[in-house]
Every structure is written in C-alpha cells, then in structure tokens.
Amino acid sequence: MNESLRGTVLLVDDDPAVAKVLGALLTQAGLTTHAARDGQEALALLASKPVDVVVSDVRMPGMDGLQVLAEVSRGWPDVPVILLTAHGTVPLAVEAMKAGAADFVLKPFDREEILFTVRKALLRAQGEEARQQVRPTGGFIGQSRAMADVQAVLAKAAAGTATVLLRGESGTGKELAAKAVHDASPRRDGPFVKLHCAALPDTLLESELFGYEKGAFTGAATRKPGRVELAHGGTLFLDEVGDISPAVQVKLLRVIQERELERLGGTQTVKVDVRFVAATHQPLEERVKEGRFREDLFYRLNVVPVWIPALRERPDDIEPLALHFLEVHAKTNGRPPFTLMPDGLAALRAQPWPGNVRQLQNFLERLVVLSDTQVIGGREVLQELARQPGLAPAPFAATPSVSALETPTVPVTDSARTLESQRKEMERQAMVDALKRAGDNRTLAARLLGISRRTLYNKLEEYELL
C-alpha cells in the first residue's frame, strides 16, 4: 500500500521487539504510534492520548488481548481493536471478531497486510465517528402505542427466517431492533455480526462482507473470512444498507438469494446459513426509481419491513427513556440517583429531538455530569438546552444559545479585536471549562463538548492545553 495513512495507533505487545518493528512500519506509512507492554499500560495511554486504532497481541501475561478488547469496547467504543495472533490461535481470533474485534493479523505479519488491515480499521472508525453513535444501554424502553406495535412486529419476525428491513431516521434505535430480532429468534445462541456499510469504500466493503483468499490483492497475505461467514448460524446486521454501491449490491443479492458466496480472489463456493437484518434511513423507493438501488435487491431485503417511529412521534416514551438514561448515567458517572420533576419532563417533551433517542441520551448524560443538584426541573433542563444550538424551545428562543465549543459572548473593549480572535478565545475557554467539569477526563470532556476525542486532542494541542 503506497498511499500515506493518517491517524494514531496504540500497539500492545509484551515483546518490545515486535512493537518496535511494527511501530517503525506504521510510522513509515505516516501513522503516529504509541506502545504499551501490557493491558493496564494500554488503558492508561488510551485515557491520556488520542488513539484511533488499537493493535494488540492475543497472548500476553496478565491482561490478554481478549480482555484488552473487552475494556476498550467498554470505555472507548469508537476505537477499533485489531488482534495479532499466531496460527494456533486463529479460531480464538475469529471468536474475538464475533465479539467485536475489528480484525486479526497472523504472526509473523506481512507488511502490506498489516497496513491494509489498519487502513480498514481507520476508515471504519471514521465512519462510526461521523455517526456519533452512542452505545445502546439496553432493550426497547417506552410505553407508547407506536413502540408496542413495533415490538409486536419484531417478535413475529424473530420467530421466522425472513429478511427484516428496519426503516427510520438516524438515532431511532434500529440496531437495538436488529439485536432484539436476533435475541428472540432460534438463532439467539449463534453470532450476531454487524457491519456499517457506509463506513467503508467499495473495495474494503467487499472484503469485509465476503472475505478474501491469500494473494487476492496487495495486503491479502492470508485467507480471511468475511462478515457473512462469521455470521454462519446466526444473524448478520447490515446497517445503512441503502448506501452501498450498485457493484456491491449485485454480490449481496446473490448471497441473500443463494446463501452462497465466493471470497475475493477465490473460485470455491462457500455455503452460508445466515439470517439477514438490514437497516437504512434512506428512501429506498426513491433510490430504486433513480436507478441508484437495485429493485430486485430492494424486494429481497423488504420481506418484513419495520418502521421505527421518530421520537417526536411518540412523546409518551420520553418520560421512561429519560428516567432510564438518568439512572444509567448516574451509575456510570458515580452520581447519586436523580429525580425528574414534572416541569423538567415538560421541558424535555417540548423538544423536537431531531437526533431522536440518541440525542436525548446524549443530552441527559451531559445533564447528569454538569448538574449541581440531583433534582432535575425545568430550570436545569433549560440551562443545559441553552448550551446547545437548535434545542431551545420556541418560548425560550430569546435565551442565549451557544454551541458546546463556545461560551457566551463577552463585551468587546478593543475595537481592533477580530471576530476570529474572539472565537478562538471563547473556544479555548470552552475547552478549559469542559476539562474542569470532567475532572480532566478527556474522553468525558469530548462527550460533553459533543466532539470526537480526536477533535478534542487537536484543539488542545492548538491551544497549548496538553
């Protein structure tokens, strides 16, 4: 791979020689690297430095690679983990991929393969960051008739084997719905494998879906199973399936119709037993008319369509969701239980929540972290709304509203000061305030500001706050 890569990789290996060689390889490709000799050191580095991808050995004393994977998934869900493994531990690595690892590379590693694998992980991480996805905190919660109808349809669909197509706006809970179908199905003991289709370009998406044979392309040093194969006996969740290209649509159609595939660069047909669940926020009917989505694939996916309503269409669910998120985030952040007052609930219900449940969850986590009281009333809700653009309800539109990266404008005494200098001053102060509120926890500070950890570290470096 000749193109230069950008990003930061954390190498976790108890053998310093391996970390040195791998670090030199990645540095030569344009990447920044940090090295840790064990899992505990790796977690400390993750908490203090910007990291885009973790590459960890599987066999290590103390915390092994699988435990590192579990801790990273829990604390830094947007950071993909690649495992380094010897030939004898390939089945273990495959199981780790089913558990959430981004990929695995065999030792002794091939230069092109490790660069190819890291590039895939970086692109996937960028796609996940763009979505600003929040980890699900449990199953469906709500008391509205609309969600009761959705759950009834999902329960019926789970009992069969038909393909399910989940429709709805971003942030409504389509991944939770897909997991609910899997968990209630006869395949519940099989793997639940997911792939965000919009996060990767065509060539990498094909390799992720169908796998590849050794020598299929530069970087393919060993045979790798794709996500379809990894989901054998279970469920494959294809998120944002409406964004895939026509070329990949043709191959996906064949897999769904025939339940068979050929790895890239291979000629052997591989039979698979997979239940497909897909999701999209795209208007597929319009895309079919425009020739951007295959009609035959649409019908194959749309066997059991399920529409997940937007949060504004089910305001009765805001109260149970708010109570749930307050409880979860209070425990997560070491805060006492919170009480939601009627006027606080009324203020929450008045919001349109264009980002749906995901946005509500983000908002309540910020409220939990920043609140000076355990009683959440209208005043506390509106105070936090004022910090975020586009959220203040109409009656309070005159309330000063600033973004998470701004603070209220201060009087300008020097007419020579430019707007840009004022913006930078306010942005820097917002960084200082967020770090103070988060107790210097930079991961939490980034979440409070509504930005990625990478953006936070770039800003901290720009303002000399590191």
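This is a predicted model: local features need pLDDT of at least 70, side-chain atom pairs count only at pLDDT 80 or more; totals for chains, interfaces and linings use all residues.
The buried positions of α13 are I318, P320, L321, A322, H324, F325, L326, H329 and A330.

Helix α13 spans residues 318-332, 15 residues in total. The distance from its first C-alpha to its last is 21 Å, close to the 21 Å expected at 1.5 Å a residue. After α13 comes G334, which has a positive phi near 65°.

On the α15 side, the contact is made by F363, R366, L367 and L370; on the α16 side, by E380, V381, E384 and L385. By class, the residues of this contact comprise five nonpolar and three charged, with no polar residue.

## The parallel sheet

Five strands make up an open sheet with parallel pairing, arranged in the order β2-β1-β3-β4-β5. The edge positions are held by β2 (32-36) and β5 (103-106); each has a single partner strand, so one side of each is left without a neighbour in the sheet. On average, and with direction ignored, neighbouring strands of this sheet are turned by 20° against each other.

Within the sheet, β1 (residues 8-12) is joined to β3 by four bridges in the parallel sense. L11 is placed opposite V55 of β3. Helix α1 (residues 16-28) packs on the sheet and touches β1, β2, β3 and β4 (81-85). The direction of α1 makes about 170° with that of β1.

## Residue S56 in strand β3

S56 belongs to strand β3, which covers residues 53-57. The relative accessibility of S56 is 0%, and S56 therefore counts as buried, the cut-off for that class being under 20%.

Leaving aside residues up to four places away in sequence, S56 is in contact with V12, G65, V68, I82, L83 and L84.

Key. Residues are numbered from 1 along each chain as its sequence is written. Side-chain values use heavy atoms; hydrogens and water are left out. Helices (H or I, at least four residues) and strands (E, at least two) are DSSP runs, numbered from the N terminus. Buried means under 20% relative accessible area, exposed over 50%, partly exposed in between (1.4 Å probe, protein chains only). Contact means heavy atoms within 4.5 Å. Two strands pair if DSSP finds at least two bridges between them. Axes are lines fitted to C-alpha atoms, for helices over the stretch in contact, and angles run from 0 to 180 degrees between N-to-C directions. Ala, Val, Leu, Ile, Met, Phe, Trp, Tyr, Cys and Pro count as nonpolar, Asp, Glu, Lys and Arg as charged, and the others, Gly among them, as polar. The expected span of a helix is 1.5 Å times one less than its number of residues.
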